[in-house]
Amino acid sequence: MSERWVLAALGVLALGALAVPLPIYALYVANLLLMYAVLAIGLDVLLGLAGQFAFAHIAFYGIGVYTAGILGNRLGLPFPLPLLAGAILAAAVAFLIAIPALRLHSIYLALSTYAFAAAAQWVFHSWDSVTGGADGLRLAPTRFFAWHIIDDRDAYPVLLGIAIVTIALRLGLQRSKLGRGMAAMRESEPVALASGIDVRRVKILAFTISGFYGGVAGGMLPLFQSYVHPDSLGLEALVVILTMVVVGGLGSVGGVLIGVVVMGLLPELLRDAAVYRELIYGAILILAVTLMPRGIAGLILRAGK
Amino acid sequence: MGLVAQAVASGIVTGAIYALIALSLVILYKSTGAVNFAGGDVVMTACYIALLVLVGFGLPYWLAALAAIAGLFVIGAGFDRLVIARIVRQRHAHNSLVALVIATIGLSDLLKGSVRLFGYTDNVQTLPPQFTGPPLFLGNVILLRQDVGIVGVTCVVMLLLYAFFRFTRLGKGLRATADNPRAAVLIGIPVQRMRMLVWAIACGLGAIAGLLVAPKILMTPDMGVIVILAFAAAVIGGFTNIPGVIVGGFMLGIIENLVGIFISTAAIAVAPFIVIMAVLLLRPQGLFGGNPTFRKV
Amino acid sequence: MTLRSLLAIAALLVGINTANAFPVGAPEGPYKDPGITDTEIVIGLFGPESGPLRNFGFDAMGAAQMWYDMINKTGGIWGRKIRLVIDDDRCDPTALNAVIRKLVTVDKVFLLNGGSCTAAVVAGQEYVTREKVPLIMLNAAGDGALFPPTRYVFGAFGGTQLTVGGTLVDFVAKELKAKKIAYLGSDDDFGAANLAAGKFMAKKHGVEFVAVERVPRNLVDLTAPMLRIRQANPDAVIITTYPQSATLAMQKVSEFQLAMPIVAAVQAVPNPASLVKTVGNLAAFKNFYYGSPLNDLTDGPRQKWVIDMYKRAFPDRKPTAFMAYGLPSAQAVTYALMLAGPNPTRESFVDAMSHLHFVTGVMAGPIEFGPDRRDGHNASIFIKFDGTKSTRMPGVYVNEFRGK
């Protein structure tokens with residue numbers, strides 16, 4: 001089975017959900033998965049495609065959420081302006097941190113970007129006048145001129161559209177010259193440099209694109225949720241997305257999407273075993289990296305994509 | 001003025017706590033290239049093991065301490081044998097750093113989830129301090145005997161580790177293994193066994209840290225978040241420089257308290273992150289790291 | 001796996017979902033709302049069964065359960081038994097949102113009874129308002145979802161953080177005659193709310209806040225804020241942080257040998273005996289008080305019936321700090337269901353809730369709601385704790401601050 005079948009299957013299911021009256025709870029879960037899909041694919045651009053071990057992704061997501069939320073609340077801007085604004089701002093921030101990050105490698109890059117994400121969470125928590133601070137921010141329903149997106153049923157087609165666009169862009173990126181440059185850089189920076197790739201430029205672009213995706217995912221939240229709290233924008237959330245990417249398969253779009261579905265549905269399956277949740281989660285992480293080094297993608301997809 | 005003196009003194013104590021935990025992280029990184037995001041939860045687990053033996057079984061303190069250290073020895077060795085060994089054997093060297101980090105994050109969840117199941121987590125807990133008696137006064141500055149004990153033990157451990165890596169055969173062998181694992185195998189160093197030993201020692205060191213600091217910072221199942229402060233201390237000092245870690249710890253503790261006094265208490269939370277970013281930006285090798293040689297991954 | 005088999009699986013899933021579109025458990029017969037039949041009412045009970053904030057609510061859920069069990073054993077309400085669907089929100093906003101959606105759309109409950117953490121409950125407010133489902137909080141303070149009041153959300157059975165802050169300052173000013181107060185609180189929405197109420201009451205009494213220290217939850221070294229508090233030379237110190245910070249603060253009180261009265265909020269001291277053991281120095285508690293929204297000490301005569309009931313319901317468990325707070329919430333639900341008559345709807349239930357005014361036998365003050373009031377409880381008692389003995393201080397303090 002190759003990636004193409006996986007994407008086709010997921011596509012059929014997702015589009016099928018449009019045609020059939022599903023229970024609204026299922027649509028809520030689907031909306032969450034769509035948002036996580038964009039978020040995870042964005043992280044994978046940096047981590048899986050470009051091989052940069054950077055942990056700042058949750059900060060880009062937060063910037064996307066608050067920007068879209070504030071523009072929607074205070075200025076009443078219609079969709080898709082708040083989302084695009086959030087994505088552009090997140091990309092800009094990613095661009096700015098990419099420049100100093102050029103000098104850092106592996107664990108130092110990981111630590112500094114993690115510190116950035118933690119500092120960003122502190123800003124979300126402390127900047128009362130803008131983000132609502134520790135009280136959280138209520139998100140007004142998204143408008144598209146006269147039409148309001150009120151519940152999960154309204155939101156699903158919009159979120160699905162956004163997800164399809166971003167996945168298509170990512171697939172395009174993978175095949176493009178830039179994408180191949182990122183892959184080469186991931187395999188070996190000195191060799192990439194020697195074969196004429198402008199590693200600095202590729203790295204900066206990888207960060208910026210990843211930040212853009214994070215901001216888009218953040219802008220998706222106000223479409224189906226009415227509240228955001230800074231506590232959900234920290235290390236725990238980052239680990240959730242990281243797990244989706246790693247369990248699914250670094251660098252593989254189909255794999256990451258499977259990882260999103262599996263890890264995203266896990267809380268539903270573990271509902272009855274509530275007290276064992278953390279324990280099971282830790283065990284899954286350990287089992288995934290020891291038994292499935294290339295993720296689920298490595299297991300079920302053909303070796304050569 | 002008394003305010004600043006007390007802030008500095010208390011900062012040195014807290015800094016020693018960060019440094020003690022950081023030492024466990026650093027010797028692991030120095031020997032195996034692994035970064036242990038569960039470093040703080042290791043400390044936490046040791047504390048709760050000791051608590052269980054002390055309060056749950058009613059056994060004497062020295063037995064509780066022994067159980068904690070031995071227990072963490074076993075957990076560390078076991079984790080290496082069952083998890084790390086498998087990851088290291090996998091082909092893609094690039095992925096192995098990510099895999100190692102994920103594995104330690106998994107360990108963190110596993111430890112926290114297990115401890116929460118065993119009770120004693122309803123209330124904030126503590127362990128008996130090793131150094132008791134009336135507090136000491138240096139002028140207007142108040143220091144508990146446990147505080148002085150923590151700083152003292154940290155310095156002793158630091159000296160022992162420094163000597164170990166610099167002068168003993170085992171220590172030098174570990175450094176060689178870390179620098180070039182393949183060459184180490186070729187010259188007959190039993191890499192697998194030594195790595196397991198390092199994990200056991202690092203976790204055992206975390207247990208000692210836990211026994212010392214629990215009376216000071218108190219026990220909750222989430223106390224492991226202190227690991228990020230230990231990372232900050234290590235980064236300031238230069239990640240592989242053992243004496244640097246201590247200095248880094250002291251500096252971080254003092255900076256936190258001074259920020260708290262002169263800026264605001266709310267700003268203390270973000271100070272370590274600003275410090276990490278600033279140091280890595282301006283001088284990535286830390287204060288004492290020498291040339292920034294990054295591991296070839 | 002071939003494309004064909006994949007399409008077959010997709011078709012099967014779509015088929016199953018189509019079946020789900022016409023669910024079997026739809027509202028039956030003459031009942032307008034889901035979750036109610038001739039023989040039962042379905043209540044969605046939720047709180048933190050797992051996770052780091054478990055201690056704030058799992059026992060309050062237990063108390064609600066035991067109350068509903070008792071109601072069922074004594075015949076139910078208008079001939080209907082209460083059936084609980086229990087779920088875990090981990091005190092997390094995202095999880096709570098999923099839980100309430102599931103309880104409402106999949107389990108089809110009549111009303112929601114749950115929520116032990118304010119930030120999580122606030123996240124669910126818009127959904128229940130839009131879907132017109134009553135949400136009766138368990139023991140969450142709930143400030144952000146109760147001010148301004150909205151029709152479907154009721155709460156604060158243990159008092160809001162406004163109650164906490166207002167009554168603390170009231171007590172310190174009236175009973176301890178303090179003129180200068182130092183404040184140590186958390187840097188989140190809780191702290192903001194109790195500080196605002198505290199400042200209001202301070203102004204009313206002509207009392208001054210000489211130090212305001214707000215600390216993050218994870219801070220392990222409280223040297224800086226406690227030093228500033230010491231330097232401000234207050235007549236009394238109030239502590240409204242969470243337990244870990246409060247314990248660390250009391251360690252500093254012991255270290256610095258601070259002698260002025262220390263008055264702590266209920267959330268700071270879930271277990272006074274454990275606090276003393278951890279601080280390890282009785283001298284620090286010479287002048288120590290803490291507030292409580294209950295009507296007595298936890299082992300006092302007025303609380304005995306609650307403890308006895310708990311022991312019968314859960315013979316293998318020992319009650320923890322916030323257990324009793326689950327009772328007034330369940331009581332309110334059952335009384336409102338009784339008052340709503342033999343054929344309640346969600347709307348008639350909400351109307352009944354809006355006029356509730358009753359004595360609980362467990363809290364310091366009555367539970368009172370109104371057409372514009374959704375925070376039910378507003379009183380506090382204070383207890384002097386010298387490290388070994390707890391003594392109830394005279395008086396019941398009522399908060400007067402109702403928000404900006």
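User: What should I know before I start?

Analyst: This is a predicted model, where local features need pLDDT of at least 70, side-chain atom pairs count only at pLDDT 80 or more, and totals for chains, interfaces and linings use all residues. Residues are numbered from 1 along each chain as its sequence is written, while chains are lettered from A and ligands numbered from 1 in the order in which they are written.

User: In what order do the five strands of the open sheet in chain C run?

Analyst: Strands of a sheet pair through backbone hydrogen bonds, either parallel or antiparallel. Strands here are DSSP runs (E, at least two residues; helices are H or I, at least four), numbered from the N terminus, and two of them pair if DSSP finds at least two bridges. In chain C the order is S2-S1-S3-S4-S5, with parallel pairing. Strand S2 (81-88) and strand S5 (153-154) are the edges, each pairing on one side only.

User: Which residue in S5(C) is the bridge partner of C:Leu135?

Analyst: That's C:Val153. S4 (residues 135-136) and S5 of chain C share two bridges.

User: How is chain C divided into domains?

Analyst: Domain bounds come from an automatic or database domain assignment. Domain 1 covers 40-158 + 301-373, and domain 2 covers 161-292 + 381-398. Their centres, taken over C-alpha atoms, are 29 Å apart.

User: Is C:Ile381 buried or exposed?

Analyst: A residue is buried with 20 or more other C-beta atoms within 10 Å of its own, exposed with 12 or fewer, and partly exposed in between; C-beta atoms are placed from the backbone. C:Ile381 is buried because it has 25 C-beta neighbours inside 10 Å. You'll find C:Ile381 in strand S13 (residues 379-385) of chain C.
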